[in-house]
Amino acid sequence: LDPTDYEREVAAAQAELGRAQAAVDFARLNLARKRRGVAERIVPQSELDDAEHELAARSADARLIDVRLSTARDRVRYTRISSPIDGTVIQRGTEPGEVVVPGVQATFEGRPLLTVADLSRLLVKVELNQIDVTRLKVDCHYQFGNKADTDSEGNSRGCFGDIRIRERDGFYYGRFVRERCG
């Protein structure tokens, strides 16, 4: 998501807010002068009323521009997609160039925008026949893979890796190191 246009809106709103703040400051200064003039009876009350109205109007303009600035900042924030967990994107529910609505977690079809998985720990379940199980030994390295999973061109798409089996509390745990995935 390209934030460029929204960042320009933020910059424009910041400039407008600066100008509006300067107008408020000037209206406040002008009001103070009019009050002194009314107190000394050299300025009519109507000019003081006009100065009070001008300050109120400029203050309202500044608040309105501040809201516009907040909206522009929200739009910039909507251009960032973040995950609640650290991990790897394993599936994309949208394609580059597709339009998504800010704040939505799923597409119209109910598919998530992105599927993120924590791959720091994996559980690999392997079905072995009885003969192969008897050959496994604790604290030895074994390579495994799925050569049968190939694409239309005959390239292997299966995952290949290295596993080391350790015994703990009567269970056998393996540490998987991914060497290559198609």
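Guide: Accessible areas come from the Shrake-Rupley method with a 1.4 Å probe, and for residues only the protein chains shown count as cover. By that method the protein chain exposes about 14600 Å², of which carbon and sulfur atoms supply 50%. The model is predicted: local features need pLDDT of at least 70 and side-chain atom pairs pLDDT 80 or more, while totals for chains, interfaces and linings use all residues. Numbering starts from 1 along each chain as its sequence is written, and side-chain values use heavy atoms, without hydrogens and water.

The protein chain has 3 helices and 5 strands, taken as DSSP runs (helices H or I, at least four residues; strands E, at least two) and numbered from the N terminus. Of its 182 residues, 16% count as buried, meaning under 20% relative accessible area with a 1.4 Å probe, protein chains only.

Among the buried residues of helix 2 are Leu48, Leu55, Ile65, Leu69 and Val76. Their cover includes helix 1.

The largest nonpolar core has 15 residues, and Val10, Leu31, Leu55 and Leu69 have the most contacts inside it. Such a core is a set of buried Ala, Val, Leu, Ile, Met, Phe, Trp, Tyr and Cys residues joined through side-chain atoms within 4.5 Å. Helix 2 gives the most to this core, with 8 residues. Leaving aside neighbours within four places in sequence, Leu69 is in contact with Val10, Ala13, Gln14 and Leu17, contact being heavy atoms within 4.5 Å.

Definitions and conventions: Buried < 20%, exposed > 50% of the residue type's maximum accessible area, 1.4 Å probe, protein only.
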